[in-house]
Amino acid sequence: MPPKENVFLFIPNLIGYARVLLGIIALAVLPYNAWGAMGLYSVSSLLDALDGHAARYFRQTSRFGAVLDMVTDRSTTSCLLVYLCVQRPALTLVFQLLIALDLSSHYMHMYASLTTGNTSHKKLDEKSNWLLRQYYTNSNVLFLVCAGDQLCFIALYLMEQLAREGAAAAKVGAAGGPAGLGFATVLFWTTLPVCAFKQALNVVQLIGASKTLANVDLAARETEAKESAKAR
């Protein structure tokens with residue numbers, strides 16, 4: 001009899017735990033070390049692509065791993081947006097709405113997938129939105145959109161953090177402006193269209209999942225009505 005496998009110790013899930021740890025450390029140093037936080041957060045995000053490849057290579061795909069991956073993505077993004085609320089209080093409502101859209105669209109999508117019997121939230125039928133199918137089924141599109149979305153938020157953080165560090169240095173007579181501010185600004189404006197596209201996809205995903213759940217409800221009510229009619 002083969003030894004019982006431990007899903008929690010699957011290699012892609014170990015990568016997932018590393019992502020969580022790196023994300024926590026990155027969030028902890030956000031107020032103190034802009035480039036360190038960016039590096040840690042970026043590595044955590046890049047490992048998101050690696051765990052999927054590892055799962056397929058080692059044949060260790062799991063429902064736990066899929067949920068861990070999504071929960072990690074949603075949590076780290078939400079935490080970064082919360083910090084952006086602190087940095088830029090005038091944009092608090094915008095960031096709050098982005099958090100709400102991100103969480104609700106992905107939760108609704110995953111719940112709709114489970115309700116309709118799909119083994120993965122990335123499996124979409126031909127009736128689903130074409131752009132959403134490309135996002136979930138084309139690994140290159142998935143990586144580029146997710147990377148652009150995260151880099152946009154990271155760049156926005158860097159712009160404010162580096163500006164504050166530069167202002168603090170100027171007060172003590174340090175020469176020169178904040179290093180890297182120009183890079184962060186270019187990065188933000190370059191990735192902003194990708195970030196906007198990702199938010200549009202979230203809206204499409206939310207609407208599609210809502211319609212799927214509504215259709216499931218209607219089908220269940222029709223079945224219930226037929227059974228009631230037969231019982232009479």
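## Salt bridges and a positive-phi residue in a predicted model

Arg 19 and Asp 48 form a salt bridge in which the closest N and O atoms are 3.4 Å apart. This pair connects distant parts of the chain, with Arg 19 in helix α1 (residues 11-29) and Asp 48 in helix α2 (residues 34-57), at a separation of 29 residues. Both Arg 19 and Asp 48 are buried. The model is predicted, and the values reported here are computed from it.

Arg 19 also forms a salt bridge with Asp 73, and here the closest N and O atoms are 2.6 Å apart. This second pair again links distant parts of the chain: Arg 19 lies in helix α1, while Asp 73 belongs to helix α3 (residues 63-87), 54 residues apart. Asp 73 is buried, as is Arg 19.

The structure holds six salt bridges in total. Three of them are listed below.

| Salt bridge | Closest N and O atoms |
|---|---|
| Arg 19 with Asp 48 | 3.4 Å |
| Arg 19 with Asp 73 | 2.6 Å |
| Arg 164 with Glu 160 | 3.0 Å |

Arg 164 counts as partly exposed because its relative accessibility is 40%. Glu 160, by contrast, has a relative accessible area of 18% and is therefore buried. Elsewhere, salt bridges with shared partners join Arg 19, Asp 48, Asp 69 and Asp 73 into one network.

A separate feature concerns the backbone. Arg 59 is not a glycine, yet it has a positive phi of about 55°. Most residues other than glycine have a negative phi. Arg 59 is located in the loop between α2 and α3. Because its relative accessibility is 78%, Arg 59 counts as exposed.

Confidence in the prediction can be summarised for the chain and for its elements. The chain has a mean pLDDT of 90, and 95% of its residues reach 70 or more. Among the elements, helix α1 has the highest mean pLDDT, at 96, whereas helix α5 (residues 130-137) has the lowest, at 88. Helix α1 is also the element that contains Arg 19, the partner of Asp 73 in helix α3.

Key. Residues numbered from 1 in each chain as written. Predicted model: local features only at pLDDT ≥ 70, side-chain atom pairs only at ≥ 80, totals over all residues. Heavy atoms only, no water. Salt bridge = Lys/Arg side-chain N within 4 Å of Asp/Glu carboxyl O. Helix = DSSP H or I, 4+ residues; strand = E, 2+ residues; numbered from the N terminus. Buried < 20%, exposed > 50% of the residue type's maximum accessible area, 1.4 Å probe, protein only. pLDDT = per-residue confidence, 0-100.
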